[in-house]
Amino acid sequence: MTGQAHTGRPSKLLRNLSSKIASIPMMLTAVVIFLGGTIWTVVYSFTNSKLLPRAKFVGFDQYERLWDAPRWIVSIQNLAIYGAFTLVFSLVIGFLLAALMDQKIRFENTFRTIFLYPFALSFIVTGLVWQWILNPEFGVQSVVRSLGWTSFTFDPLYNADIVIYGVLIAGLWQGTGLVMCLLLAGLRGIDEDIWKASRVDGIPMWKTYLFIVIPMMRPVFITTLVIIASGIVKVYDLVVAQTSGGPGIASEVPAKYVYDYMFQAQNLGQGFAASTMMLVTVAIIIVPWAYLEFGGRKRV
Amino acid sequence: MSDTVALNPGPALAAATRAGVEPRGAKPRRALSGRNIMLYGTLAVAALYYLLPLYVMVVTSMKGMPEIRLGNIFSPPLEVTFEPWVKAWAQACTGLNCDGLSRGFWNSVRITVPSTLISILVASVNGYALANWKFKGADLFFTILIVGAFIPYQVMIYPIVIVLREMGIYGTLTGLVIVHTIFGMPILTLLFRNYFSSLPEELFKAARIDGAGFWQIYFRIMLPMSLPIFVVAMILQITGIWNDFLFGVVFTRPEYYPMTVQLNNIVNSVQGVKEYNVNMAATLLTGAVPLIVYFVSGRLFVRGIAAGAVKG
């Protein structure tokens, strides 16, 4: 409880003691859980742990098995499709909405509240609502059919070929509001003089956006991109709620693979290997960004 | 969208596109210009799309099952009934328990309240130490913490299971509270560190000269000055923890399952007849807490997620 700084010349370790003691939870979390836990999982992904973790190393066996498993391949494909479409659509829709909101409109707060409220809901709620709306027996398909178009088919959740797009619809509904908010903040950060200058030069608005404003917003876009991307890799609850990975294994995702192998199939080694692959995916996204963002700044 | 008559309705489009280039500064009001119709039309259609699921949830939860089977999901209920709500709250079954979502609700309360308080307390002290009492190596831990925020939870789950099991609290609420504190730490620490750094340093120095120590300054100066940021952190944590599914399912026993997990078990259970109205009532009930927090907090919520977004 006592500030140590005023006690003459304390030893190095004791200096700032209260602060160090207060930071113990942070140090433990950072070193034991984040660093230690990650290393532990990576190390044990090279073992043949089943029900309990065992330090019997088998090289890359788990990874070979992983990449031979059809379910893992489907998971990766789904993640790639879901990820690519989520990135493109949430950025495009989010930016369009943000640009519309930036036109000095009335009711801006109302519109923002409406666009953003899905983000306050859990993925479970989101998944269940869209499961209901996309239900072919009662949902959109049946409504359109009852209007007279009897051959209309829209059953993404029951069609293995397109089920991931059904998940995508729900994911976009939940997440675009956030993207809009971030990009709107970015748009508000653009100097008004830019707009005045482009108006004086008679440049049409869409051209100003495309060739002047968007390039100026590069840092905002990159940050948004990283946020969306790291969210995509984690996608789990949405699939669990909306499709439970079905029909069959058609909408499986890597995070679900990890959970199922760790806690249901009692095959820890596979779970560790799969989660390590997730880590690698994230690293591929984060490392170049961190390098550009922080590595560059230091050199300047 | 006020309906004042357009001043020059004639060359609407050409003028409108030109007008669009000058959204700033005073100009004559042309409420019904083509530009405005396009603008508000698009926004209204988008708003409808975003509101649709909420609307469908509400109307479905107020219909009887016969009406659901016959009607379409978008039509308002002919006969409003609140029975599905009662059933979802008090009678819906998960496995052998048929005491409804209320159990999950109270579990979620018992998880969310201590998790929110403890995670904020720990993270605010961290942020304070990082901002005002930086020691050698502090930045290293902070960097690990922030980088760790990007690591998929799946990578760290099993080691945490082991740690909690060794401590004898795996499967208990205490264990889950610790997990929420751990994973809330990066973003909250960042939030508080940035906020405390923005406070005038003279204040801190004056308190130091007056002989105040670490905790004294924290409780008597920093805490009272930082209520807004504590509210932002609370909003962030309450919605985040309430909406959590993965940690609830991994780190608790079935009798402690939070509301999201129980909801999923109710709706996606394979036994019995599907009662869509009860399912939607249950879904709404689960979404109600974060929604209320969202609507009440308004701009603070936006501030919270913006703060959460600019990590790194």
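Let me start with one residue of this predicted model: Phe107(A) sits in the loop between α4 (70–101) and α5 (108–120) of chain A, where helices are DSSP runs of H or I with at least four residues and strands are runs of E with at least two, both numbered from the N terminus. Residues are numbered from 1 along each chain as its sequence is written, and chains are lettered from A and ligands numbered from 1 in the order in which they are written. Because the model is predicted, local features need a pLDDT of at least 70 and side-chain atom pairs count only at pLDDT 80 or more, while totals for chains, interfaces and linings use all residues.

As background, most residues other than glycine have a negative phi. Phe107(A) counts as partly exposed because it has 14 C-beta neighbours inside 10 Å; on this scale, with C-beta atoms placed from the backbone, a residue is buried if 20 or more other C-beta atoms lie within 10 Å of its own, exposed if 12 or fewer, and partly exposed in between. Ser244(A), in the loop between α12 (237–242) and α13 (254–264) of chain A, also has a positive phi, near 50°, and its 16 C-beta neighbours inside 10 Å are why Ser244(A) counts as partly exposed.

Turning to chain A as a whole, there are 14 helices and zero strands. The radius of gyration, taken over C-alpha atoms, is 25 Å for chain A, whereas a compact globule of 300 residues would have a value near 19 Å, by the rule of 2.2 Å times the number of residues to the power 0.38. Along its principal axes the C-alpha trace of chain A spans about 75 × 55 × 35 Å, and 42% of its 300 residues count as buried. Among contacts in chain A between residues at least 6 apart in sequence, 66% join residues at least 24 apart, a contact being two residues whose C-beta atoms, placed from the backbone, lie within 7 Å.

How many residues does each chain bring to the contact between them? Chain A gives 81 residues and chain B gives 73. On the side of chain A that touches chain B, helix α2 (residues 24–44) of chain A gives the most, with 14 residues. By class, that side has 54 nonpolar, 20 polar and seven charged residues, where Ala, Val, Leu, Ile, Met, Phe, Trp, Tyr, Cys and Pro count as nonpolar, Asp, Glu, Lys and Arg as charged, and the others, Gly among them, as polar. For the complex, the predictor gives an ipTM of 0.86 and a pTM of 0.86.

In chain B, the domain assignment gives domain 1 (12–81) and domain 2 (102–309), with bounds that come from an automatic or database assignment. The centres of these two domains of chain B, taken over C-alpha atoms, are separated by 35 Å, and eight residues of domain 1 are in contact with seven residues of domain 2. On the domain 1 side of that contact, the largest share, four residues, comes from α2(B).

Finally, a word on confidence. Chain B averages a pLDDT of 85, pLDDT being the predictor's confidence in each residue, from 0 to 100. Over residues 1–19 of chain B, however, pLDDT stays under 50, and where pLDDT is low, the predicted coordinates should not be read in detail.
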